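This briefing covers helix packing, nonpolar cores and strand pairing, in that order. Please keep the structure open while reading.

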Amino acid sequence: KTARDLIAVGVSDYQISLDGIPEIHDLTRKKFNGDGTFEEIWKNLRKMKQLEENFNVLLRVHYTPQTFRSLPTLINLLNENFSSDSRYSVIFKSIGQYGGKNDGSITPVSRQEEIAAERALNSNLLSTDLINDHNKNEDFKLCYAAKPNAYAIRADGSLNKCTVALADDKNKVGHLKPDGTFELNHEKHKKWIKGIFTKQANTLECPYSEIKNAVDQETIDVKVVQ
């Protein structure tokens with residue numbers, strides 16, 4: 001019913017993430033009471049198949065070096081349940097270090113390893129019916145936060161560029177006003193879209209990394225002067 005109501009008002013595109021097979025997913029994706037969430041997510045994904053309405057579900061499958069070997073089991077489940085429905089597609093994304101308090105417990109995958117792994121998954125295991133043509137992992141990725149027309153709108157109307165650095169004030173670039181117009185902090189905003197003009201790959205792939213590193217360097221410079 002929730003999906004049908006959302007589709008009726010124009011909300012028809014969804015990105016739903018899974019962290020692996022049920023026992024792995026439930027270690028990291030918990031409810032407030034500590035229970036896992038895989039079973040409920042899976043049940044809802046299967047229920048949506050019963051709808052006649054048009055919608056698109058992008059299943060984003062996360063992995064780490066430790067969980068990568070279990071992906072074939074999950075991919076088999078995805079193939080069996082969703083390959084016959086063109087409304088579903090899949091992309092793979094490695095878990096990275098983005099500045100959170102648990103960064104130290106994460107083993108990142110190098111860019112080269114990520115490209116090789118995801119090309120292998122797409123070409124050898126995932127059903128061709130589920131491959132998302134617009135999200136294939138190539139040598140270069142453009143982050144949505146680097147795009148001038150991409151924003152995350154928070155519950156209080158705040159405009160963010162990045163959906164990871166939610167607690168960082170540098171990520172708050174404006175506000176959505178009651179009449180639907182944007183009020184932008186242009187000085188903050190131009191730092192996020194700098195890569196569009198410089199064409200630097202690292203700035204386009206993760207503008208937040210450059211912004212954060214620039215602030216860290218300023219702090220170091222101040223301490224040295226003092």
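Predicted model: local features only at pLDDT ≥ 70, side-chain atom pairs only at ≥ 80, totals over all residues.

- An α-helix has 3.6 residues a turn, so residues three or four places apart point the same way.
- The 15 residues of α5 should span 21 Å at 1.5 Å a residue, and the distance of 21 Å between the end C-alpha atoms agrees with this.

**Nonpolar cores**

- The largest nonpolar core has 31 residues, and L78, Y88 and F92 touch the most other members.
- At least two residues of this core come from each of α1 (2-8), β1 (13-18), α3 (38-48), β2 (56-63), α4 (71-82), β3 (88-94) and α5 (111-125).
- Another core, of nine residues, lies apart from the largest one; C143, L159, C162 and A165 are among its members.
- Beyond its neighbours within four places in sequence, F92 is in contact with V61, Y63, L71, I75, E118, L121, N122 and L126.
- In soluble globular proteins, nonpolar side chains tend to be buried together.

**The four-stranded sheet**

- An open sheet is formed by four strands in the order β4-β5-β6-β7, with antiparallel pairing.
- The edges are held by β4 (152-153) and β7 (182-184); each has a single partner strand, so one side of each has no neighbour in the sheet.
- Strands β5 (residues 158-160) and β6 (residues 172-176) run antiparallel and are joined by three bridges.
- S158 has H175 as its bridge partner in β6.

Key. Residues numbered from 1 in each chain as written. Heavy atoms only, no water. Core = buried A, V, L, I, M, F, W, Y, C linked by side-chain atoms within 4.5 Å. Buried < 20%, exposed > 50% of the residue type's maximum accessible area, 1.4 Å probe, protein only. Contact = heavy atoms within 4.5 Å. Expected span 1.5 Å × (residues − 1). Pairing = 2+ DSSP bridges.
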